[in-house]
Amino acid sequence: MARNIAQYIFYRLIQAVFSIFGVIVVVFLLSRVLPGNPAIAILGPKATPENIEKVTREWGLDKSYFEQFLIYISRILQGDLGDSYVMGYSVGRLIAERLPASIELVVFAFVLSLIIGIPLGILSARKHDTKTDLILSTLAVMGFSFPSLLLGILLLIFFGINLGLPVSGRIDPRYSINVYTGFILLDTLLNGNINAFLDAFSRIIPPALTLAIPLAGLLLRLTRNSVLEVMMQDFVRTAKMKKLPENIVMYKHILRNALLPIITIAGLYFAVLVTGDIVVETIFAWPGLGRLIWEAVSLRDYMVIQGSVLVVSIIYIVVNTVVDILYMYIDPRIRG
Amino acid sequence: MMFSRRIVIAVVVAVIVIAIAVPLVITKLTISQPVQKVLVVGTTYDPKTLDPAQAYDIASAIVIQNIYDTLVGYKPGTSELAPKLAERWESNENASVWTFYLRKGVKFHDGTELTADIVNYSIERAKKLQGPPAFLLDVIDKVEVVDKYTVRFVLKHPFSPFPALAAFTIFSSVPPNATNLDEKPIGTGPFKLESWKKGEQVVLVANKDYWRGPPKVDKVIIRIYPDPTTLRVALEKGEIDIALGIQPQDIEALSKNPNIKMVSIDGVVIEWLGMNHRRAPFNNTLFRKAINYAIDYDYILNIVLRGTATRLYGPLPPAIFGYDPEVEKYGYRYNPELAKKLLAEAGYPEGRGLRELELIISSAERAERKDVAAVIQRNLKEIGINIRIVDLDWSSFLDRLFNHDFDMYMVDWFPDYVDPDDWIVPLFTTYGLGIDGYNNTVVDELALKARQLTELNERIALYKQLQKIIVEDAPWAFLYVPKLYVFIQKNVEGFILYPVYYIDFYPVEKK
Amino acid sequence: MVSSRLKVLEEVLRIKRVRYGIFILLSLAILSIFVILFSPFEYDRISPRVHLPPLAGSDTSWPHILGTDNLGRDVFTRTFYAFALDLGCALAVVILSGSIGLAIGIASSYLGGVIDAVLMRIMDIVISIPGFMLAIAIAAVLGSSIFNAIIAIAIVTIPVYARLVRSVVLSVKESLFVLAAKEAGLSDLYIVVKHVLPHVIPTFITQASMELSNAIIYIAALSFVGLGAQEPVPEWGLMISSARRYVREAWWTAVFPGLVMFLTVLSFNLIGDGLRDYLDPKKRTVIGVQVETS
């Protein structure tokens, strides 16, 4: 059995490395199919001859594609994603500055969706085939189908206009907050500034809800179905027959078994979310990775677009791999 | 006696102690709780660089103008020139040699004194770096240091707008020992850079030793709101004191807000619909005139722009000398019937025989341009011309513009120096940018003559003549001149708006 | 044969979710056709009467049912033109990526060996890049137009079908009737068309209906960030992107296109969800196996 686990993990890691390599190839190809001289595409039309020469030399653009690829990969391995000539910084630095904002938003949204989705899912399962169940299930499908475009606009109107709350950015710029972690909610608390914390808290709610509502819909459905499935299983019936109080049956047996698939899907979804949601970050001016990509797109800053796609994909692959391995530990059944 | 003497001594001691202690305590109290006056400025633009030799965009200029000083400034609220680092200047007969006399005792943030050598160094450095605005220095043949405080520019050809050019940020002096000016600028200006977080905010602190005296606020935070809607929300909530870059559609509502003051002025930026004269059907003057008559300018000004712009009838905006109000009589107005007639005369009755034309725009920085383009698309459709709008990013847009790969385009022109020369030469002469391929030898000759004269009235007469010739040729459809708007909170005073995009935080006070 | 197909259809239609989904979709489609045929407003007709609220009167026989936008254009007309446009684009995406995915899936599973390994590794790589990111990167390289947006999204979604088809084909391949057909000396192509495809189709259609809703979200999102449709084309994402600037004074210009988009996405999700249950009653699990964000 143990050998199986090790084998599985090994196989999974190899697969992850292979995927990352593949992503690098894809991003490299994308950067080379740009129309015209890639150096000019990188630098923009205001490129000076010196800069063109510099970029050509740095990335070996005058050499064969194979050599170019080797140069590309060796730079990536050194953590060098190149420089944004449009924004005037190294791509790595731009991404590093924006990543914490995205992660904070996603973690917050994720927790929010768990709080909304799981209890409602359990409720739905307990009252299965009743009116409550029907209403909750309908809401779940609707929530899942909510395009973030519409949901974001609705929440912007509700929070910004109806409630009159601030709905843009992470925090009022007048609060001077020492940055310790890059996560504004933590930093404001570490600074002991309650007002700043409340301000940041009220700003994260609308974008987080926009991300959380569809996910909560998904979690509701998932929880309901897996709890139902377990409830139908024999040992629960046995427990019921033994006349244990229903609540104890519920929590002891059902939840423990039912949470497994929820964790996987949630982990998978988290990997998607963590890459930053471009639409949501654009609507709420949230200075995260999604917003960076939007800015890069509107400036056609190819270096930033490529760098972001690369980083985001690698994060996505790593998170997925970790979730898979964890899942395998939790649920021995899937080791085939 | 003894008793009373003791009392006297005690009273005297007490008085002295109190006299010393009370002010001490008061100052101590005020020092321990300094009321920092922080001015928060919201803008939609993100600076690209803080190096004056590299900056060629409004967002960078706004910050650089407050960290650095140029040789020449503007009289408050106008586009007329005024002394800044240079106390005065003069030229020779034919405007080809210019001498600037520097203000004495001006110090950089690091303590270096400003001298003619440093001015020379700054120009040389900018020339060497060849940043985007470096072409503005091409007119300079050489810089001569006459004495410690006198510097002389010898130009390659006579150029009367030179002092106006010297107000551009590339004429900011930078200290020779500074490294990494892009991120750690050192200037002579009223503010120093504290921090700059790309895409988020720039923080400036007051330069207490500024040569005009310390600024009225201790700190300026320039916060970047890439989304104009959130900028407006931030303004209304009082999160920002000054808002730069409010969209036209928000101006009407904000002007009614009792808590917010509106400052506005006629700008010098012009927006037009350009056409590629190298290609049919635009090589046909009748066709271009038809387009000029087909556009519903009032709809664009009143409905799309909501009165936030005035009509542009010819090549020059009204706020600049050389503008002739006569153009409002002979310029083009909306007349679809005449447009249809001209289109038929041009050989395309009801648009027959025309291919689908492409209108390229870049709306990333001017969202209303998309709407104006949609109006033009519809207006032209009504006389039988079908166009397709292609919204590009700014760099691809410029790329296609300068490779002459377009049918039509819409763009605005932001003058580098406030002189009619900077509209006429780059935009309408064959030795200018040559975007449209417009070619009129009379225009070429008159424009060249106008930049060599030193007498203002003679120049004005020439520009009036040029205006008439250009309008008659209809090289573009002349669209509009946006007004400049800045919104500020009620408690902010002293803000002065200039027709050119010069944003000066120095005189601004917070009550 | 015919009667059994009818029976399947009958059973499918008996599923409530499918019925609701079809009902919503048909209602929207009928409205859309009605608008395109009879609306007195052209989708790009501008007027000085801007930001009129819903149900405001107009100079035609129709009122502005959903109000007017910032150029005085009729929001109702534009929203339902956009229904046709977005649905058409989504169909184009699904047909394009579905047919390529189908071909890859069948080729991979049927030919096996090196081809299978190579094709599937390529699919693995594409799927390991978050879909919308890759679509953005491709669309940015191709340039902004609705056509390029369709291509970008299609490329990104090919692996979904390829994997799905491959797994179904692999399970069918060893079945008795396929083996029998091989034994009878029938050509591979014939076997695939006659015996394998019919087994792939149900799963394929289920997935496609889910992918239609994804494609709609992607197209709108690409247009929203400026990489898709251009003015004055009526497209939901573009409409919302322009309307966002005026959301305070004219919420209807942003909300109604979004709402119709939501209903469309919802209807496809309902149909897909119901179909999935029907095909695999044991696995009443997730709304859409593919979990993706926009």
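Guide: Welcome! Two strands count as paired if DSSP finds at least two bridges between them, and strands (E, at least two residues) and helices (H or I, at least four) are DSSP runs numbered from the N terminus. This is a predicted model, in which local features need pLDDT of at least 70, side-chain atom pairs count only at pLDDT 80 or more, and totals for chains, interfaces and linings use all residues. Residues are numbered from 1 along each chain as its sequence is written, chains are lettered from A and ligands numbered from 1 in the order in which they are written, and side-chain values use heavy atoms, with hydrogens and water left out.

Visitor: What is the strand order in the open sheet of four strands in chain B?

Guide: The order is β4-β5-β7-β6, with antiparallel pairing. Its edge strands are β4 (86-91) and β6 (140-147) of chain B, since each pairs on one side only. From one strand to the next, the twist averages 20 degrees.

Visitor: How do you know that β4(B) pairs with β5 of chain B?

Guide: Five bridges join β4(B) to β5 (residues 97-102) of chain B, and the requirement is at least two, so the two strands are paired. They run antiparallel. One residue pair to look up is B:Ala86, whose bridge partner in β5(B) is B:Leu102.

Visitor: Which strands does helix α3 of chain B lie across?

Guide: Helix α3 (residues 116-129) lies across β5, β6 and β7 (150-155) of chain B, at about 160 degrees to β6(B). Such angles run from 0 to 180 degrees between N-to-C directions, with axes fitted to C-alpha atoms, for helices over the stretch in contact. Contact means heavy atoms within 4.5 Å.

Visitor: What makes strand β1 of chain B mostly covered?

Guide: Six of the six residues in β1 (residues 38-43) of chain B are buried. Buried means under 20% relative accessible area, exposed over 50%, and partly exposed in between (1.4 Å probe, protein chains only). Both faces are covered: B:Val38, B:Val40 and B:Gly42 on one side, B:Leu39, B:Val41 and B:Thr43 on the other. B:Val40 stands opposite B:Ile221 in β10(B), and B:Gly42 stands opposite B:Ala243 in β11(B).

Visitor: Why does B:Gln130 count as partly exposed?

Guide: B:Gln130 has 38% relative accessibility, which falls between the 20% and 50% limits, so it is partly exposed. This residue lies in the loop between α3 and β6 of chain B and has a positive phi of about 50 degrees although it is not a glycine.

Visitor: And why is B:Arg306 counted as buried?

Guide: Its value is 18%, under the 20% limit, so buried applies. B:Arg306 also has a positive phi, of about 55 degrees, although it is not a glycine. Its place is in the loop between α8 (297-304) and β14 (309-311) of chain B.

Visitor: Where is the cis peptide bond that has omega of about -5 degrees?

Guide: That bond joins C:Glu231 and C:Pro232, and C:Pro232 is in the loop between α8 (188-224) and α9 (236-243) of chain C. Another cis peptide bond, with omega about 0 degrees, joins B:Ala280 and B:Pro281.
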